[in-house]
Amino acid sequence: MAYSDHHFFLVYVCEFICTFLQPKHELYKPGKAYVPFDDPLCAAIGNPGSDDPKKKCDFTVQYVDGSTSGYLVRDIFTLRPDKGSSTLTFGCGNKIQSYTGKPLETAGILGLGKRVVSIPHQLRAVGETQNVIGHCLSGKSGGFLFIGNDPVPSSGVTWVPMLKKELVQYYASGPADLFFDTKATDIKIPHVLFDSGSTYTYFPSRIYGAILSLLRNDLIGKQLVQVPFEKDGTLPVCWRGREPFKSMSDVKSYFKTFTLRFTKDADLQLPPETYLVISEHGNACLGILNGTVDGVEYNLLGAISMLDKMLIYDNEMGQIGWTSGDCFPPISRTEPFSATL
């Protein structure tokens, strides 16, 4: 299994090559395919350089739960049998550290960020496809990921511009006003980062506190009780009903829809199923977290808030789009760069 990250910019394989390239658990042998320090893509990953320009270009990636180190390599891939092969650059990890003590569950990371070393940018550079990526994450499990503009609907997509002067390395837009149950609030959000690599959604303390207050005030008289964290342990804020919740349909009648309004014609709706999860104890837990406490400094929209929507990151036009969908994998007409999740 390969993990995708829309903010990370480099593809790397953690000890084993990604399953879509070779059978899982088969060691990847780079041979003489190492990229030297004087290669432009080595500088593109932020490497400061070396006194020896022919030295192998190394990288280190830090995550909350671990790190990976290795070298940039370059290899030949047959992406379209009718068009021959293409040369792509990616990372080969040879030192993996887990801070949690748990074994890795993935064979690597597919970096889909905006830098020139990302796979979408490289595919665009060799004429394979447009620099457009997207995904649709199903609330029932599964979904699909795509590279290229072939699956993008010709109509029905809401578009907002990507930020161009700040946070340009991320897929971000804004500002946005927050509505609750179709009613305007005084919550102004200066920017919103779209990051499917994050499970939950994060806001700094001020905005998070205001959102939590809206929910608590709206739940008054609805016979839901907030559960102490030590009684559930799933997420910081959970509510218990008269009976344990068995499905999201049991929960939706108690909670209202949030809306992020970027412009008068660009609303992103967040119904209860895109900000709540049901714990193993049958409680409804809030999937919006305090970023200040958790070390997330941005207003970050995570995967939970993208469920049952096609999200499109169009680097050609500098825009982000979304539309509701059932997240069944599309039948590609011309571009083969898609995968089920």
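The following legends describe close-up views of selected side-chain contacts in a predicted model.

Residues are numbered from 1 along each chain as its sequence is written, and side-chain values use heavy atoms, without hydrogens and water. Local features need pLDDT of at least 70 and side-chain atom pairs pLDDT 80 or more, whereas totals for chains, interfaces and linings use all residues.

**View A. Polar contact of His-135 with Tyr-313.** His-135 belongs to strand β7 (residues 132-137); strands (E, at least two residues) and helices (H or I, at least four) are DSSP runs numbered from the N terminus. His-135 is buried because its relative accessibility is 2% (buried, under 20% relative accessible area; exposed, over 50%; partly exposed, in between; 1.4 Å probe, protein chains only). Its side chain contacts that of Tyr-313 at 3.1 Å (polar contact: a pair of N or O atoms within 3.5 Å; within protein, one must be able to donate a hydrogen and the other to accept it, and residues adjacent in sequence count only if both atoms are side-chain atoms).

**View B. Salt bridge between Asp-177 and Lys-188.** A salt bridge places a side-chain nitrogen of Lys or Arg within 4 Å of a carboxyl oxygen of Asp or Glu; the count is nine. Here the closest N and O atoms are 3.2 Å apart. Asp-177 is partly exposed at 28% relative accessibility, as is Lys-188 at 48%.

**View C. Salt bridge between Lys-256 and Asp-218.** The N to O distance is 3.2 Å. Lys-256 lies in the loop between α5 (248-251) and β17 (258-263), and Asp-218 in helix α3 (residues 205-218), 38 residues apart. Both residues belong to a salt-bridge network that also includes Asp-181, Lys-183 and Lys-222.
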